[in-house]
Amino acid sequence: MSPRTVKALRALTLLAAVFAFGLVMFGAFVRLSNAGLSCPDWPTCYGKATWPEHAHDIAAANLAYPDRPFETDKAWREQVHRVLAGTLGMLVLAIALIASWRKAAARYAVIAAAVFAAAGVVMYQRGDFALSSLLSALAIALPIIAAVALRRSGEWKVSVLVLAVIIFQAMLGMWTVTLLLKPVVVMGHLLGGITTFALLAYAALRFAGVSALDNQMANLRRLVVVGIVLLFCQIALGGWTSANYAALACGYGAGAFPQCGGQWMPVTDFRQGFVLWRGVGVNYEGGVLDMAARSAIQMMHRFGALVVFCYLAWLSFKLARRRLRLFAIAIALALVCQVLLGISNVVFGLPLPVATAHNGMAALLLFALLATLARTQLRRDALPILLPERH
């Protein structure tokens, strides 16, 4: 592949990763400010490409959706988030096209995926939900097949695969509205955003040449992968906590941490707290669980945080001893900041800036781990370094 193509992909994946990080932050802001259902339809907002602004449009919106009165201060947040997500989708499409262009089958698969995705949205707006679902499924499957068939190193495959992720992410955004903030969908939407950011960031790192010249860090690579998996699970727990409005289940103030409501062992209901599917038609805005179930979710999130903290602290120590001191410092700093933000959420009653920053810091911690992973992986063109013989 020509250096010009690699340079273009390096710039575009970096731009897209930064954009995706901002979108994760803005999505957290929308969710935490309770604006997730401020536009009751999708992808329009009260039938508008933007949102109702004039008095007669607002009156018509309230007439069309009497159960969801229009709120200007919230609707713009949700619709701007959708526009930004669409912009990222176009950027990801450009990346996938460039990465697959030299292989005709992969290129046509990416183009077909984009066409199917657009057609799926049109069919959804026309009320043909079955055909819309079929087209969307094809739009997701085609980039996956193209990425698997692409005979390139990992960053090239990821550049195509991320298109499938962002199409599925768009569907999760739709279901977030149509299924009335169902927690498993809201959690999935958060994980989809984080996954999009992670894939783009990893591709940007690899295209930038972050790698190892030999395979002496293979054992560290496995440890970093474990750390990424643990952190991803903890992010999922955080999303489940937020989606079920369980962040303040232990109250707030001095008695809320490290205790829960002034108790070391609060009343909990783990069975109800982790039911993933409760049927359709229920509005989950504000949460539907009792305090015992929410306390169970909050305590599990805290336990997960303790496990991740201990493992990543140990991993930072291991990395520092293996001449990866800067990576170790980055992980340690992000880890400490994340824990402090989590504690601040509870102590200060979930202030919006702190809660939003908590989501962003999780993404930055993941980025630090991804950078470390890339640093321990061989370049495709790297030659093995011969060690001197011992006599």
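Cys39 is buried, with a relative accessible area of 0%. Keep in mind that we're looking at a predicted model here.

## The Cys250–Cys260 bridge

Further along, Cys250 pairs up with Cys260, at an S to S distance of 1.9 Å. The torsion about this S-S bond is about -85°, so the Cys250–Cys260 disulfide is left-handed. Both cysteines lie in the loop between helix H8 (218–243) and helix H9 (270–273), so the bond ties together parts that are ten residues apart in sequence. Cys250 and Cys260 are both buried.

## How the pairs line up

The count comes to two disulfides. Number the bonded cysteines along the chain and you get the pattern 1-2, 3-4.

## Cysteines without a bridge

Cys310 is in no disulfide: the nearest cysteine sulfur belongs to Cys233 and is 16 Å away. With 45% relative accessibility, Cys310 counts as partly exposed.

Cys337 is in no disulfide either, and its nearest cysteine sulfur is that of Cys310, 18 Å away. Cys337 has a relative accessibility of 35%, so it also counts as partly exposed.

Conventions. Residues are numbered from 1 along each chain as its sequence is written. This is a predicted model: local features need pLDDT of at least 70, side-chain atom pairs count only at pLDDT 80 or more; totals for chains, interfaces and linings use all residues. Side-chain values use heavy atoms; hydrogens and water are left out. A disulfide is a pair of cysteine sulfur atoms within 2.5 Å. Buried means under 20% relative accessible area, exposed over 50%, partly exposed in between (1.4 Å probe, protein chains only). Helices (H or I, at least four residues) and strands (E, at least two) are DSSP runs, numbered from the N terminus.
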